[in-house]
Amino acid sequence: MISERITFSLPEQSTPEMNQPQLYSLMTLKNLLFLLLLILVFGMLFPSCYFDKEDTLYPFQKCDTTHITYSQTIVPILSANCYVCHITGNPTSPVVLDSYTNVLIYVTNGKLIPAIDHTGPFQMPKGGSMLEVCAIEKIKRWVTNGAPNN
Ligand code: HEC
């Protein structure tokens with residue numbers, strides 16, 4: 001029924017002998033086709049929205065701060081980024097961060113977090129780029145958890 005109507009209503013030009021309802025259905029069909037074409041073209045112009053990945057758009061939302069421990073979370077961050085200067089016997093700095101007791105000193109005196117989130121007088125790692133946002137979040141969480149020695 002529908003295909004019949006399409007073949008009947010798609011002459012190249014509307015002929016004068018066409019009656020009103022025929023003309024009307026031809027126009028609406030053309031409008032409909034035009035609309036479909038428009039949708040198709042727009043769909044082809046902006047396909048990128050479909051492929052946006054949450055990970056790419058919000059890379060920091062996936063930071064898992066649920067299982068933070070001193071040994072498994074904090075030590076790897078400090079050893080990779082801070083031990084080079086803050087290890088026992090290093091003359092670069094009297095600040096020592098290579099044991100729980102020593103790190104706790106800078107947690108307790110409130111100097112650790114300002115140093116890593118760059119809100120204090122010293123910006124760590126000194127001379128290097130800031131720690132990853134997720135690493136900072138993890139250290140902050142560990143501190144707000146009470147800096148347990150676990
Ligand atoms: C390139 C060497 C270097 C690196 C790497 C480094 N620091 Fe430092 N840090 C210093 C120096 C130098 C000071 C100056 C203060 C001092 O030595 O007395 C300092 C000071 C500090 C202080 C004391 C801040 C204050 O307010 O007194 C803390 C806390 C600290 N660093 C933490 C860190 C942490 C955490 C990291 C790793 C994310 C780190 N540092 C990486 C050299 C470094």
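The model is predicted: local features need pLDDT of at least 70, side-chain atom pairs count only at pLDDT 80 or more, and totals for chains, interfaces and linings use all residues. Residues are numbered from 1 along each chain as its sequence is written. The chain has eight helices and zero strands. Helices (H or I, at least four residues) and strands (E, at least two) are DSSP runs, numbered from the N terminus.

**Fold**
- From the N terminus on, the order of elements is α-α-α-α-α-α-α-α.
- Of the 150 residues in the chain, 10% are buried. Buried means that 20 or more other C-beta atoms lie within 10 Å of the residue's own; exposed means 12 or fewer, and partly exposed lies in between, with C-beta atoms placed from the backbone.
- Among contacts between residues at least 6 apart in sequence, 50% join residues at least 24 apart. A contact needs C-beta atoms, placed from the backbone, within 7 Å.

**Nonpolar core**
- The largest nonpolar core has twelve residues: Ile68, Ile74, Leu78, Cys82, Leu97, Val103, Leu112, Ile116, Met124, Leu131, Ile139 and Trp142.
- Helix H5 (70-81), H7 and helix H8 (133-144) each supply at least two residues of this core.
- Such a core is a set of buried Ala, Val, Leu, Ile, Met, Phe, Trp, Tyr and Cys residues joined through C-beta atoms within 7 Å.
- Leu78 is in contact with Tyr83 and Leu97, leaving aside its neighbours within four places in sequence.

**Helix H8**
- Lys138, Ile139 and Trp142 are the buried residues of H8. They cover an arc of only 95 degrees around the axis, so they sit on the same side of H8. The arc is that of the directions from the helix axis to the C-beta atoms.
- These buried residues of H8 pack against H5 and H7.
- Val133 and Thr144, on the other side of H8, are exposed.

**Ligand shell**
- Cys82, Cys85, Ser93, Met124 and Lys126 come nearest of the 24 residues around the ligand. A residue is near a molecule if its C-beta atom, placed from the backbone, lies within 6 Å of it.
- Helix H7 (residues 112-116) gives the most to this shell, with three residues.
- By class, the shell has 15 nonpolar, seven polar and two charged residues. Ala, Val, Leu, Ile, Met, Phe, Trp, Tyr, Cys and Pro count as nonpolar, Asp, Glu, Lys and Arg as charged, and the others, Gly among them, as polar.

How values were computed:
Contact = placed C-beta atoms within 7 Å.
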